[in-house]
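Here are my notes for your review.

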Amino acid sequence: MRIDENVEHVREQMALACQRSGRAISDVTLIAVTKYVETARIAEAVKAGVTEIGENRAQEFTEKLNFYKQNQLRAHFIGQLQTNKVKYICGKADLIQSVDREPLLDAIAAYAEKHGVTQDILIEVNIGREAQKGGVVPELLIPLTERIASLDCIRLHGLMCVPPAIDRESVRPYFREMRAWYERLKEAYPKLPIDTLSMGMSHDYDVAIEEGATTVRVGTAIFGPRTI
């Protein structure tokens with residue numbers, strides 16, 4: 001299938017998931033994940049209506065930044081971010097989805113304050129409590145949110161997760177737990193602009209939508225398997 005056909009198929013599946021869960025398709029944002037995807041192929045997705053992209057690597061983000069701007073794309077950084085790479089991302093990404101520890105938060109805040117920018121972020125949650133993955137464990141969500149709430153140069157928009165790599169139905173409880181934490185934070189911090197629950201990828205984005213995702217991150221289902 002062509003990239004434009006893949007985008008159409010993904011949107012159809014998103015619409016069906018919204019229909020099953022009584023939601024409007026306009027309530028869910030599609031992010032095309034462009035890791036190792038060259039700009040010519042991303043351009044095909046843009047022609048098919050994609051307006052938001054997600055990049056995993058700081059170097060790739062930097063290399064494609066002009067392309068994002070030229071095509072008026074909303075650019076998300078969704079990969080693990082090292083503190084020494086913050087300068088390449090902060091103030092340039094529309095949303096950093098992978099803030100998962102205080103040292104990283106402090107580095108982003110320091111850069112943002114120094115350069116007079118306000119950075120929108122999500123907290124990445126290690127909802128499966130997997131040692132090999134990034135993300136804050138759920139018990140530390142409130143303390144990290146408290147710290148973010150005290151910073152004028154950081155705006156918290158919500159939560160992101162990469163749940164355990166298990167079958168579609170078994171992952172559903174993790175999405176439900178994420179939804180519960182999302183709702184809890186919205187209620188506890190009404191002054192924060194919490195409006196985003198980013199969860200669900202190519203193999204389970206429809207399940208994530210059924211469980212309350214406001215944003216899904218889809219790469220393989222749009223661009224095919226990575227060749228690198």
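1. Start with the β-α-β unit. Strand β1, helix α2 (residues 39–47) and strand β2 make up this unit, and its hand is right. Keep in mind that the model is predicted.

2. Next, the neighbours of β1. Strand β1 covers residues 29–33, and four of its five residues are buried. It pairs with strand β8 (residues 215–218) in the parallel sense, over four bridges. Strand β2 (residues 52–55) also runs parallel to β1, joined by two bridges.

3. How many aromatic pairs does the structure hold? There are two. Phe61 and Phe77 form an edge-to-face pair, with 6.3 Å centre to centre and 75° between the planes. Phe61 belongs to helix α3 (residues 58–70) and Phe77 to strand β3 (residues 74–77), so the pair ties together parts 16 residues apart in sequence. Ring pairs link Phe61, Tyr68 and Phe77 into a cluster.

4. Phe61 has 0% relative accessibility and counts as buried. Phe77 is buried as well, at a relative accessible area of 0%. The cut-off behind both calls is under 20%.

5. Salt bridges, overall. The search of the whole structure finds 21. One of them joins Asp4 to Arg2, with the closest N and O atoms 2.8 Å apart. Asp4 is partly exposed, at a relative accessible area of 30%.

6. A salt bridge with buried partners. Lys64 pairs with Glu55, and their closest N and O atoms are 3.1 Å apart. Are these residues buried or exposed? Lys64 counts as buried at 5% relative accessibility. Glu55 is buried too, with a relative accessible area of 0%.

7. The Arg172 contact. Glu211 and Arg172 meet through their side chains in a salt bridge of 2.8 Å, N to O. Glu211 sits in the loop between α8 (205–210) and β8, while Arg172 sits in helix α7 (residues 168–188), so the pair ties together parts 39 residues apart in sequence. Both Glu211 and Arg172 are buried.

Notes: Residues numbered from 1 in each chain as written. Predicted model: local features only at pLDDT ≥ 70, side-chain atom pairs only at ≥ 80, totals over all residues. Heavy atoms only, no water. Phe/Tyr/Trp six-rings, centres within 6.5 Å; stacked < 30°, edge-to-face > 60°. Buried < 20%, exposed > 50% of the residue type's maximum accessible area, 1.4 Å probe, protein only. Pairing = 2+ DSSP bridges. Right-handed = clockwise from strand over helix to strand, strands pointing away. Salt bridge = Lys/Arg side-chain N within 4 Å of Asp/Glu carboxyl O.
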